[in-house]
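Take a moment to turn the model around before reading on.

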Amino acid sequence: MDRLVSDMRSLLSLNLDSQDLDDAIHNISQVFISTRASPVLGSILKRHCDNGDVISNVTISRILKTPGISDDILLILLKYISNTPVIHLEKIAWHQSTHQLIDIECALIRKVEGFRARIMESLDLYVEREVSGVQNGTARFAALLEGHSRYVSEENKFIWDPATSPVHKAKFLENYIRLQNQFLDENLNETQLRFFLCAVCLLPGIDQKAILDRITGDRKKSNLWASTVLLINKIVESPEELFSAKMKAWFLFSFDHLTRRFAEDSVLSEKVLDFAKRLGSFIEHRQIALDKLVPRTALNAVLEAAIVKHIQVKETVYFSTAVISQSPSKILDLPKFLQLILGNSESPLAQRGAFTHTLPEEIHGYVVYLTSKIFWASKQTASNLATMDATLELYRGTDDPIDRSLLEILLFIESHLAKSCAGRISSWKVVENAGPQPLISRARGRLNVTIDSKKLQTSIYQLAPIKQGNTAVECSDLATFSSSCMESSTGKCYDPKFLLPALTYCITSGDAEMDFQAAVDKHGVGYALVCLCSVDLTIRKMAIGYIGTVVSKIESSSSRNKTQINHLLCTVLASLEAASEDNQTQDTPLPTVVGIFLSQALQVLSNPAHFLYEKVMELLLRSPILNLYDIPYMLTLLQIGSEPHKEIAWIMKILAAGIKTPADLALYRKRNVFTSCMNLHSSPFMPERIKDKVIELVWNTAAVEGGSTTLITRNGALSWIEQLLIVDAVPEEKRLQTKMLAARLWESSAKGHVGEWSKGTVKQQLSEILQTPKNTSAV
């Protein structure tokens with residue numbers, strides 16, 4: 001025995017695999033579990049559990065048969081059984097000794113069919129013994145009922161296991177009624193609450209009022225679980241029950257508990273977070289008028305504690321949003337809460353990056369929605385200079401739903417106070433590279449705006465003509481807004497509604513932060529040209545106004561290139577004026593590709609040594625009016641000069657970025673852009689950078705509504721991809737990218753139409769593409 005214990009202890013210092021550990025448990029469990037051997041077995045079992053390893057059913061059965069098992073081992077086994085999938089427990093054998101281990105047996109009843117069948121046979125006997133005063137009948141009954149049910153998390157309710165017979169269902173109901181008093185007399189805990197929820201869902205006709213009285217009458221804060229709220233939500237149906245005295249007492253008790261936890265705990269436990277989230281969901285979905293249940297002081301106290309200490313936690317923000325949504329604004333200190341959020345240095349909004357190239361974190365959407373909810377509920381009193389300044393500091397100037405929600409607040413405050421945000425800014429700068437510095441920052445108590453010209457250049461290619469994602473005001477609830485933020489592909493460029501007025505101010509202010517040449521070189525004018533593609537008429541008017549302001553500054557400029565640039569801008573303005581008189585193009589945004597082309601043509605004219613300078617000048621001199629609603633002839637790949645690869649690369653960069661709307665798609669299809677570019681990719685003389693741009697064009701087209709369907713049915717995109725994989729000896733990385741492109745086209749297409757068009761062959765073709773072997777070479 002001593003030798004075995006010594007050997008087992010030495011095993012603990014080794015890095016054993018799952019099978020070795022299982023063998024060790026098997027060997028030590030064959031002997032009497034002495035005082036010295038128990039800690040060793042416990043340590044080995046604990047390592048198994050921590051590693052997520054599976055212990056054989058034979059070994060568990062042997063341990064359960066062994067007399068004298070320590071409490072530590074039982075706790076480890078209980079944790080293992082509770083966390084292990086049913087498939088790894090099905091062959092554990094029932095033994096008489098297991099019957100003495102009530103917690104272990106109940107855990108196995110919930111998981112293993114063999115245990116359920118044995119207990120079900122003797123259920124009446126267990127119930128009779130419980131009624132007679134013998135303990136543990138209720139525990140087995142509860143485990144058995146849960147074992148015959150399934151929890152549907154989406155609906156927060158239990159349903160019967162399909163294998164449960166009507167006879168068994170009737171037997172459960174009959175015996176629950178017999179044991180009801182025993183259940184109600186037991187101490188409440190999470191397991192008991194879960195059982196009550198299961199019984200309420202499955203057993204019609206039971207005394208639910210008695211259960212509700214038991215829960216609402218309990219004053220132990222340790223029994224405030226998420227399942228408590230689920231159970232109350234399931235039982236309480238009528239307004240009379242909801243606004244009864246006992247429910248008022250329970251709500252006050254719960255709010256007091258949360259207030260203390262929010263105020264005193266620096267890190268909230270999972271139990272408190274789950275309870276707060278579930279209570280917030282209950283309040284929101286049942287639209288509970290909290291002013292009828294909770295005193296004003298309690299509402300304000302819990303909100304202040306949540307906002308001050310835990311504004312960075314999603315669950316507390318969700319709970320706060322639900323409370324504010326269902327409380328009359330007149331009883332809440334909303335202006336105070338707004339300043340606490342805006343001025344909180346721990347707020348996720350204050351810690352956002354200057355310019356995000358990835359999706360925002362979910363918490364950002366939560367905090368903005370809460371901020372918006374508070375502001376619009378108290379907009380008259382909250383519209384002041386302090387709110388304006390604090391919101392400006394949090395604003396990053398991007399076009400994602402988060403920043404657009406903040407901008408809505410700023411615009412309302414401007415109109416309410418009849419004061420421009422510009423008056424709150426002490427300095428305006430446009431720099432080459434702002435780095436991590438945000439758009440608006442505070443230094444020495446003053447607000448400064450720093451516009452990054454590199455980000456302006458990026459915005460030229462990334463700006464979405466169609467608004468993506470709804471703002472907080474446009475969403476009916478927090479979940480909708482959060483999804484809008486997470487699904488939006490925006491946030492990579494500046495928002496024209498803020499930046500165009502900012503750029504205009506920079507060029508017209510007395511400080512003259514930007515002159516004409518700086519507006520061109522730092523991409524301000526190019527950005528405005530792309531804004532002419534926006535579907536928002538207000539943005540297009542602001543862009544025209546900015547371009548007109550730049551033109552007015554040209555005469556005073558000493559730039560050598562001012563004549564050509566002036567020619568381009570005046571031609572654009574004249575063309576827009578002419579188009580406004582045409583019924584077909586009146587109030588119509590420019591195609592995206594045209595806006596990007598004009599911005600790049602501007603850069604060409606700024607550099608007379610550019611290889612396309614003569615072609616752009618020839619285009620401008622050909623006519624005093626440009627057709628701004630068609631693809632420029634320069635981009636048709638039909639007039640390539642002496643530097644073909646450089647010109648094609650320049651054209652492809654514009655074409656790849658120029659398709660963002662269904663109108664763009666129709667124009668590309670009309671001008672046969674896709675076929676020309678796909679043929680270009682097939683040329684053996686094209687460099688890789690151009691081929692990559694063709695792939696980018698096809699990839700971007702798939703993101704446009706109807707784009708994938710057009711490429712598949714009108715341009716044979718899948719057959720083209722198939723040829724790329726068969727003919728080209730491409731590197732494995734690009735081969736994988738090409739397969740991903742094929743899958744993207746299929747997933748985003750109108751599958752019904754495509755399937756009917758291809759008579760069902762597209763799926764087979766896609767399967768062949770995805771299964772193309774790695775090492776194919778040219779034939």
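**Helices that cross**

H12 passes H15 in a left-handed crossing (left-handed if the near helix is turned anticlockwise from the far one by less than a right angle, right-handed if clockwise). Helices here are DSSP runs of H or I with at least four residues, strands are runs of E with at least two, and both are numbered from the N terminus. On the H12 side, the contact is made by Lys209, Leu212, Asp213, Ile215 and Thr216. On the H15 side, Lys246, Met247 and Trp250 take part. Contact means heavy atoms within 4.5 Å. By class, this contact of H12 with H15 has 4 nonpolar, 1 polar and 3 charged residues. Ala, Val, Leu, Ile, Met, Phe, Trp, Tyr, Cys and Pro count as nonpolar; Asp, Glu, Lys and Arg count as charged; the others, Gly among them, count as polar.

The model is predicted: local features need pLDDT of at least 70, side-chain atom pairs count only at pLDDT 80 or more, and totals for chains, interfaces and linings use all residues. Residues are numbered from 1 along each chain as its sequence is written, and side-chain values use heavy atoms, with hydrogens and water left out.

Back to the pair. H12 covers residues 208–216 and H15 covers residues 245–264. Their axes come within 10 Å and cross at roughly 35°. Axes are lines fitted to C-alpha atoms, for helices over the stretch in contact, and angles run from 0 to 180 degrees between N-to-C directions.

H12 also meets helix H13 (residues 226–235), and these axes come within 10 Å and cross at roughly 145°. This crossing is left-handed too. Gln208, Ile211, Leu212 and Ile215 in H12 meet Thr228, Leu231, Ile232 and Ile235 in H13. What classes are these residues? They divide into 6 nonpolar, 2 polar and no charged.

**One face in, one face out**

Now find helix H32, residues 613–622. Tyr613, Val616, Met617, Leu619 and Leu620 are buried there. Buried means under 20% relative accessible area, exposed over 50%, and partly exposed in between (1.4 Å probe, protein chains only). Seen down the axis of H32, the buried residues fall within an arc of 155°, so they line one face of the helix. The arc is that of the directions from the helix axis to the C-beta atoms. The face turned away carries the exposed residues Glu614 and Leu621. What covers the buried residues of H32? The cover includes helix H30 (562–580) and helix H31 (592–605).

Helix H35 (residues 673–682) has buried residues as well: Val673, Phe674, Cys677, Met678, Leu680 and His681. They fall within an arc of 155° seen down the axis of H35, so they line one face of the helix.

In soluble globular proteins, nonpolar side chains tend to be buried together. Here, the largest nonpolar core has 235 residues. Such a core is a set of buried Ala, Val, Leu, Ile, Met, Phe, Trp, Tyr and Cys residues joined through side-chain atoms within 4.5 Å. Phe251, Phe255 and Leu279 have the most contacts inside it. Leaving aside neighbours within four places in sequence, the contacts of Phe255 include Leu279, Ile283, Phe319 and Val323.

Step back to the whole protein chain. It has 41 helices and 5 strands. Of its 779 residues, 51% are buried. Among contacts between residues at least 6 apart in sequence, 74% join residues at least 24 apart.
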